[in-house]
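Dear colleague,

Please find below the structure that I am handing over to you. My notes on what was found in it follow directly after.

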Amino acid sequence: QSKIQNVRKDSNFSYKPFLPILGTGIVTSEGKSWMKQRRKVSGALKVDILEMIPASTLGAVHRMMQKMDKAASEGRAMDISEELRHLTLQVISDTFLSLEAEESDTTFATMYLPIVEEGNKRVWRPERSYMFFMPFFWRHIFGVRRLNNYVSKLITTRWKLQKKEKKAGKKSTNRKMDILDKVLAHYEKDNPGKDLGSSCVRQLRDEFKTFMLAGHETSAAMMTWALFELMKKNDLAKEVEKEASEVFGNDDLLRNMDESKLPSRDELSKLVLSEACLRESLRLYSVVPVVMRQIVAPTKVADHILPVGASVTINIQSVHHNEKYWPKPMTFDPSRFTDAGSRPAPYTFIPFIDGPRNCLGQYLALLESKMVISMISQRYDLKIAQKELLGDSDPRHKYIVPIIPKGTLDVFITKK
């Protein structure tokens with residue numbers, strides 16, 4: 001039985017470095033505010049966005065492959081992990097805010113990514129939050145303010161556009177609908193005749209910034225580790241390529257960018273091995289290794305009573321590496337998720353958390369990611385450029401969350 005009312009997110013410590021991004025969005029909110037936000041976006045993130053993701057992912061992969069083709073022809077290595085960061089940001093920016101790829105890569109990324117990087121630094125050096133005498137302190141403050149103003153303007157501009165369309169009798173389906181459209185429509189339905197006040201704009205701003213952080217960093221890390229393992233296992237990579245060819249057919253889809261030839265959702269569900277590789281990368285590398293909670297009411301766990309004020313750390317990585325649940329836990333083995341009857345026991349596979357506060361974005365993340373690694377595997381042979389990574393017993397970065405490689409993941413690319 002869930003005891004969600006007895007615990008709170010540890011916003012004062014573990015989430016604090018990222019509060020400029022998360023604000024009071026769905027990750028950090030509690031009680032009625034959390035329930036209201038969850039109800040407002042759950043339908044959009046579980047149903048609506050899954051119809052948008054394939055076409056948006058196709059466009060982002062096509063743009064990335066143009067860069068990969070150029071790197072292949074020039075015989076130079078490419079940092080695949082950084083390209084995947086941009087790809088996932090493009091997809092989430094398009095489906096949530098209808099931002100063009102160029103605006104996502106330039107305007108939005110240049111504001112957003114430095115704030116995330118500073119947050120990672122403050123995890124390990126919390127004194128940076130108080131060093132007002134240093135230039136980076138003020139750059140961070142002005143960067144947050146600039147991002148907040150930018151996202152707020154996107155929201156208010158879209159609200160005015162919807163009002164204008166409604167007044168003119170136009171249907172908003174005349175243009176591409178995104179998640180912001182659906183959230184604003186939900187607000188208008190719940191508040192008929194009421195304008196979008198400044199407090200509501202701030203709340204929506206924090207929610208959408210949260211979607212950006214949660215929706216692209218972890219997906220990029222997941223794909224990076226899956227491709228890293230596929231580059232070390234040629235036989236497995238060939239199986240993924242075969243599966244991709246069966247679902248996507250020949251190369252015409254990417255070459256001609258014909259969305260009408262995109263596989264259906266049912267057909268994409270046949271990318272079983274690709275999804276298993278992604279799930280296994282989440283298990284082995286645990287891109288978010290721990291989460292923390294605060295006890296706000298006495299809570300009984302087995303024979304123990306957790307007192308009010310206690311901090312609880314859930315060691316996700318330890319669960320994922322426990323031999324009791326995962327034989328040979330340090331071996332990359334996607335068959336753990338493909339073999340019949342091998343469904344993980346409850347609460348032994350928790351990259352998206354479990355229970356009432358599980359991650360709403362897990363469906364879009366897996367759908368987008370399995371399309372990406374399948375299409376890349378179908379079209380290219382990738383080879384790790386840094387030999388030291390191949391012999392490294394632990395290639396993970398020690399200090400950055402989500403967990404990424406220690407440095408760049410440079411690859412040499414050969415077109416098939």
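W326 is in contact (heavy atoms within 4.5 Å) with R283, V319, H320, R336, F337, P344, T348 and F349, leaving aside its neighbours within four places in sequence. This tryptophan is found in the loop between α12 and α13. Helices here are DSSP runs of H or I with at least four residues, strands are runs of E with at least two, and both are numbered from the N terminus. W326 counts as buried because its relative accessibility is 4%. The terms are used as follows: buried means under 20% relative accessible area, exposed means over 50%, and partly exposed is in between, with a 1.4 Å probe and protein chains only. One of the contacts of W326 is P344; the two residues are 18 residues apart in sequence, and their C-alpha atoms are 8.8 Å apart in space.

Before going further, please note that this is a predicted model, in which local features need pLDDT of at least 70 and side-chain atom pairs count only at pLDDT 80 or more, while totals for chains, interfaces and linings use all residues. Residues are numbered from 1 along each chain as its sequence is written, and side-chain values use heavy atoms, with hydrogens and water left out.

The chain as a whole

The protein chain contains 14 helices and 8 strands. Its radius of gyration is 22 Å, which agrees with the value near 22 Å for a compact globule of 416 residues. That radius is taken over C-alpha atoms, and the globule rule is 2.2 Å times the number of residues to the power 0.38. Along the principal axes, the C-alpha atoms fill a box of roughly 65 × 55 × 50 Å.

Of the 416 residues, 50% are buried. Among contacts with a separation of 6 or more, 74% are between residues 24 or more positions apart. The accessible surface comes to about 20800 Å², and carbon and sulfur atoms hold 54% of this surface; such areas come from the Shrake-Rupley method with a 1.4 Å probe, and for residues only the protein chains shown count as cover.

As for charge, there are 65 positive and 51 negative side chains, and the centres of the two sets lie 7 Å apart. Lys and Arg count as positive and Asp and Glu as negative, whereas His and the chain ends are not counted. The place of a charge is taken as NZ of Lys, CZ of Arg, CG of Asp or CD of Glu.

Aromatic pairs

How many aromatic pairs does a search of the whole structure find? The search finds 14. Rings of Phe, Tyr and Trp (its six-membered ring) pair if their centres lie within 6.5 Å; planes under 30 degrees apart count as stacked, over 60 as edge-to-face and the rest as tilted. F132 and F133 form an edge-to-face pair, with 5.7 Å from centre to centre and 75 degrees between the planes. F132 is exposed, with a relative accessible area of 53%, and F133 is exposed at 57%.

W225 and Y285 form a stacked pair, with 4.0 Å from centre to centre and 10 degrees between the planes. This pair links distant parts of the chain: W225 lies in helix α7 (residues 198-232) and Y285 in helix α11 (residues 272-285), 60 residues apart. Both W225 and Y285 are buried.

Two positive phi angles

Most residues other than glycine have a negative phi. S98 has a positive phi, near 60 degrees. This serine is found in the loop between α3 (80-97) and α4 (101-124), and it is partly exposed at 27% relative accessibility. I353 also has a positive phi, of about 60 degrees, although it is not a glycine. I353 lies in the loop between α12 (316-320) and α13 (362-379) and is partly exposed, with a relative accessible area of 26%.

Two further residues

R85 lies in helix α3 and counts as buried because its relative accessibility is 18%. Not counting residues up to four places away in sequence, R85 touches L113, E117, H216, E217 and A220.

I4 lies in the segment before β1 (7-9) and is partly exposed at 25% relative accessibility. I4 and K370 are 366 residues apart in sequence, and their C-alpha atoms are 32 Å apart in space.
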